[in-house]
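I have a structure to go through.

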Amino acid sequence: MTASAAQRFLQDAAVKSADLVHREIIRLGMDSYDAAHLKGRARIKDWEAARQKCQEIKREAINHLDRYLLQFEEKVIARGGHVFWASNGDEACEYVKNLATRRGVRTVVKSKSMVTEEIHLGPVLEKVGIKVWETDFGEYIVQLRDEPPYHIVTPAMHLNRGQIAELFREKLDPGIVSDDPADLMAAARRKLRQAFFTAEMGISGANFLVADPGVVAISTNEGNGRLCTSIPRIHVVVTGIEKVIPRLEDLAVLWPVLATSGTGQGITTYSTLIGGPRRAGEVDGPEEFHVVLVDNGRSQLLADAEQREVLHCIRCGACLNICPVFRHVGGHTYGTTYPGPIGSVLTPHLGGIKEFKHLSYASSLCGACTSVCPVKIDLHHHLLQNRRNATEAGATKSSERMMFRAWRSAMLQPWVYALGGWSMRKVLRVIYGMGLAGTFLDPMRVWNRHRTPVPLPSESFRARWRKSLGTN
Amino acid sequence: MAQTENPSREQILERIRTGLRTVVADSPYTGSHGEIFAPINNPLERFQQECIVNLMECVLTADSAASARQFSKVLELVPQGEVFVQDDPALRRLVELAAPERPIRWSSEGAPSEASQATITLAEALIAQTGSILVTAACGGRGASVVAPCHIVYATVAQLVPDLATALRSVARQGTLDHNSFACVISGSSRTADIEKILVQGAHGPRRLVVILQTTN
C-alpha cells in the first residue's frame, strides 16, 4: 500500500510537472490569485493582528470543543432541527442515505463541501438511484469529467476555457460554440436551474458552526449555496466537528480573513447564516434541517500535543496556492481529498501514517505555507513531525533504514566517509565519461534523468579545506 | 418529529474529552490585538466606494418620491414579466407609483418563482465596511435575494452601520436569529471566477444588485 500510493504520487508528479499546458494554466491562475490576495490584504489595516485574532478564536473553540458543540446542538434542536453525530464517513453517509430514502428523495442538489468529498457521499447516494447535482460551477465541471476537485476552493482550476467548452459540447449541448467563460457559465446555469427547482434535498457544507446562536455559516460567491439551502424541502449540512466557533461576532474577522485568503475578496458575496428549518410565517425555506457532525479521525488529533492546531484550519486554500510543490505537481497528484500542505499534514492522521507518510516529503520545507496561513498553523514543522512520527512508527522501508544506518556509521568515522566520497567520484567520473549519466547504471540517475550532471570536483571538500588553511 | 437517534454521540464526546486532557503548550492568550480594520469615518462614503468594488449599484435619493422614480428607472431595464416584492407597506406604496402596470407577486402570496424577473425587498441593515446589505427571512424570504436575475433593495441611510462587528453585535443583541431561520450578508451580485480566474457576474443568482438608498426616512 505504502509503495503504491507513494509511487503513484511520484509517477503523477513527473507527468504533471513536465506538462507545459498544465503548468501554464496553473501559472496564470496563481498569478491572478497572488495579485488579488495582496490587494485584499492591503484592505486590512493590520494583517498580522487579524491572523492572531483568528488563531485565538479557533484555539478557544478547539480547546473547548465539547462545550461549544453541545451549545450549538442545543440551539439547533430547540428550533426544530436535527443534529447527527457521525464517528466516521460510513455513519454519515448511511444517515443521509436513509433520510433521503425515507423521504422519497429522487434528486439532490449539492453546494461545495470538502467533507462530503472526504466521506464519498455522492457515490453512496447515486448507488441507491438518487441523482446528485454538484452546483458549484467548478464542482459541476469536475463532476462532468468524473474526477475529484483539483483544489479545495477552485475545483476546476486545472482546465482552460477551451477544454471546458469541449467538455460542455460533449456532455451538455453539441451546439455550444463559444468558449467565453460567461457563455459557459450561462449554459451550466440553464441546466442547473432545472435541478434546483426539482430537487427535494439540498446538501451543503459549513464554513463555521457558530455555537452561541446555534447557526451554520456558509460562504459562497455564486449563490448556488443559497439556492441549495432555500428551495428544496430538506436541507442537510455535512461538516466536520472542528468547524465550530464560539460567538457570532467572531465572524467579523473570520469572514474577511477567509475571503482574503481564499480569493482576495473583502468578503464573500453571500455570507449566510442558517439556524434551522423554515419558521412559521416565513415565506420559504426547507421544512427539515439536519446537521451531520463528522468526526472521522478528527477527535484523535486533539490528543496530539504538537498537532492539535491542525484542527484550526478554515480551508481557505492559501497554503496550496503558495506552495511551490503544489504549483508544479498540481492537486490531483496528491491523490487525497485535501491536497497541498494542509492535506499533507492532515491526511496521515485521517487515512493512516503508513499509506500517506510520503506526503510529508512533498515539501521543500520553505515555510511559505506557514507564512500565509490565516490561523497561523505551523504547517512546515508539522510536516517534519510527520516524517519523524512515520520513522518512529516503523513505517519506513528496510532499505531506507539500512541506508541511514550506513550514513550514520560514515558520519561517525571520517575515514569511511572520505573513502565513500573518493569511490563515488571515481565511479561517477567513469559513468559520466562513458555518456551513461541518467541511465540505470548511474547512482545519481534520479537527479540526472532530467538534468545536466553537476561537474565533478577534482578533489574532496576536506582536501580543499586543508589547502585553504595552508594558504591563510 | 422524532428525536434523532445518535448511537455515536457519547463516544465522540468521550473521545473529544479524552483528547482535551492532553496538555498543549500554547503561546499565551493575549486577548488584545492591534487595530485590525481601519476606522470608518464616513460610513456613507465608504458604503458607496465598496458598492463599486462589489460591482453593485447604489443610487442615493432624497425622499420617497425620488426613490419611486429610481425604482421606475431600474425596472425599465428589467424584461417584461412578474416582479416579486416583499409585502411591506412602504414597498407597496413605492411599487404602486413606480410600476403600476407590472404583474406583482407579493411575498404574502408565496415564494418567488423561476419566472420572477426581479425581486424587491427591504434590508435589515447596510454595512459600510464591506458594502453589504444584511437581509433575513423577514425580508421576503430566503429566495427573494437570490432567485431572480435582478435584486433591488430599498433602504434608508439610518440603516447604515459602520462595520461587520457592529452589524453582528446588533444581530446577537436583538436575537434576530431566534426570530429568523436565515440571515445573509450580501456583498454584490452573484459571481464566479472558476474558469481561468475570469470574473463572470450572474452565476446562479442575480446579475444586478441595486440599492436605492434614501437619505431621509
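The questions below concern a predicted model.

Me: How many helices and strands are there in chain A?
Reply: This is a predicted model, and the elements are read from its coordinates. The C-alpha atoms of chain A fill a box of roughly 90 × 55 × 45 Å along the principal axes. Of its 472 residues, 50% count as buried. The count for chain A is 23 helices and 10 strands.

Me: Among contacts in chain A between residues at least 6 apart in sequence, what share joins residues at least 24 apart?
Reply: Take the contacts in chain A between residues at least 6 apart in sequence. Then keep those that join residues at least 24 apart. The share is 72%.

Me: How far apart do the C-alpha centres of domain 1 and domain 2 of chain A lie?
Reply: Chain A is divided into domain 1, residues 43–296, and domain 2, residues 412–471. The separation is taken between their C-alpha centres. The value is 55 Å.

Me: Which residues touch the most other members of the largest nonpolar core?
Reply: The largest nonpolar core holds 181 residues. Helix α12 of chain A, residues 251–262, gives the most to this core, with 8 residues. In soluble globular proteins, nonpolar side chains tend to be buried together. The residues that touch the most other members are A:Val108, A:Leu254 and A:Val292.

Me: Which residues is A:Val108 in contact with, leaving aside neighbours within four places in sequence?
Reply: A:Val108 is among the residues that touch the most other members of the core. Neighbours within four places in sequence are left aside. The contacts are A:Ala100, A:Leu125, A:Ile130, A:Val132, A:Trp133, A:Ala199, A:Met201 and A:Ile203.

Me: What should helix α10 of chain A span, and how far apart are its end C-alpha atoms?
Reply: Helix α10 has 18 residues, 181–198. At 1.5 Å a residue, the helix should span 26 Å. The distance between its end C-alpha atoms agrees, at 26 Å.

Me: Where does α10(A) bend?
Reply: Several residues of α10(A) are buried, including A:Leu184, A:Ala188, A:Leu192 and A:Phe196. The bend in α10(A) is about 25°. Its place is A:Lys191.

Me: Is A:Thr333 buried or exposed?
Reply: A:Thr333 lies in the loop between α15 (324–329) and α16 (340–351) of chain A. Its contacts, not counting residues up to four places away, are A:Phe9, A:Asp12, A:Ala13 and A:Lys16. The cut-off for burial is 20 or more other C-beta atoms within 10 Å. A:Thr333 has 23 such neighbours, so A:Thr333 counts as buried.

Me: What distance separates the C-alpha atoms of A:Thr333 and A:Lys16?
Reply: The two residues are 317 apart along the chain. A:Lys16 is one of the residues that A:Thr333 touches. Their C-alpha atoms are separated by 7.8 Å.

Me: What is the phi of A:Arg315?
Reply: A:Arg315 sits in the loop between α13 (298–302) and α14 (318–322) of chain A. With 18 other C-beta atoms within 10 Å, A:Arg315 is partly exposed. The residue is not a glycine, yet its phi is positive, at about 55°.

Me: In which loop is A:Leu365 found?
Reply: A:Leu365 has a positive phi near 55° and is a residue other than glycine. With 15 C-beta neighbours inside 10 Å, A:Leu365 counts as partly exposed. Its loop in chain A is the one between α17 (353–356) and α18 (368–372).

Me: Which residues does A:Asn160 touch, not counting those up to four places away in sequence?
Reply: A:Asn160 is found in the loop between α8 (137–144) and α9 (161–171) of chain A. With 18 C-beta neighbours inside 10 Å, A:Asn160 counts as partly exposed. The residues touched are A:Ile25 and B:Glu196.

Me: What is the radius of gyration of chain B?
Reply: Chain B has 6 helices and 12 strands. For 217 residues the globule rule gives 17 Å. The chain B value is well over that, so chain B is more spread out than a compact globule. The radius of gyration is 21 Å.

Key:
Residues numbered from 1 in each chain as written. Chains lettered and ligands numbered in written order. Predicted model: local features only at pLDDT ≥ 70, side-chain atom pairs only at ≥ 80, totals over all residues. Core = buried A, V, L, I, M, F, W, Y, C linked by C-beta atoms within 7 Å. Buried ≥ 20, exposed ≤ 12 C-beta atoms within 10 Å, placed from the backbone. Helix = DSSP H or I, 4+ residues; strand = E, 2+ residues; numbered from the N terminus. Contact = placed C-beta atoms within 7 Å. Expected span 1.5 Å × (residues − 1). Bend = angle between axes of the 7 residues up to and from the residue. Domains from an automatic or database assignment. Rg over C-alpha atoms; globule rule 2.2 N^0.38 Å.
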